Amino acid sequence: MDKGLAVNMSKDVIERAIKKATGELEGVDYEEIRYEGYAPGGVAVIVDCLTDNRVRPVADVRHAFSKCGGNMGTEGSVAFMFKRLGVLSFAPGADEEAITEAAIEAGADDIVVYPDDGAIDVVTSPDAFNAVKDAMAAAGHVAGHAEITFRADNDIKVEGEVALQVKKLLDMLEDLDDVQDVYSNAELGADAYA
């Protein structure tokens, strides 16, 4: 719900999406499916889907991988490279000391400060995510972005033409109707956004 509200999605649309996902809409059964594979340059990709037609997303995801020079893998072929984490992100210029102190008191697992711009991530286990988020908000530190996500153990830096191909694949996957989330270990350079 937080993601929907953050992008100004109406409450009716959010409620309909929740009913769709929980199976409350009559005659429609949805299932979660995860696909894994490799993008060009050896970049690992996880694609989480929610669908009422098991055949459609596999064909769409396979088409995206093959069109962009990637390969679909088998279940577990890349998932071992990722950890499920809760992440609360604070914009550059936030008070590092105050956020660090509040995060420690709230029970966060780690605090990451990015030296290039000063942005701060507070990292939690998925189980502690809501408690840490609520404690941080109660302490007056509301995250600009908060989610439970997958983070790769090691990122792979890609540049030039490979970066463009990886970006194209990730965008193509994100645009598919059944795709809910796309995770990768790509560290895209400025080339990918040119």
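Reader: Which residues does Asp 121 touch, not counting residues up to four places away in sequence?
Author: Asp 121 touches Val 87, Leu 88, Ser 89, Asp 110, Ile 111, Val 112, Tyr 114 and Arg 151, where contact means heavy atoms within 4.5 Å. This is a predicted model, in which local features need pLDDT of at least 70 and side-chain atom pairs count only at pLDDT 80 or more, while totals for chains, interfaces and linings use all residues. Residues are numbered from 1 along each chain as its sequence is written, and side-chain values use heavy atoms, with hydrogens and water left out.

Reader: Is Asp 121 buried or exposed?
Author: Asp 121 is buried, its relative accessible area being 6% (buried means under 20% relative accessible area, exposed over 50%, partly exposed in between, with a 1.4 Å probe and protein chains only).

Reader: And what does the side chain of Asp 121 make a polar contact with?
Author: The partner is the side chain of Tyr 114, at 2.8 Å; a polar contact is a pair of N or O atoms within 3.5 Å, where within protein one must be able to donate a hydrogen and the other to accept it, and residues adjacent in sequence count only if both atoms are side-chain atoms.

Reader: Switching to α6, which of its residues are buried?
Author: In α6 the buried residues are Ala 163, Val 166, Lys 167, Leu 169, Leu 170 and Leu 173. Seen down the helix axis, they fall within an arc of 160°, so they line one face of α6; the arc is that of the directions from the helix axis to the C-beta atoms.

Reader: What covers them?
Author: The cover of these buried residues includes β1 (31-39), β2 (43-51) and α3 (55-67). Helices (H or I, at least four residues) and strands (E, at least two) are DSSP runs, numbered from the N terminus.
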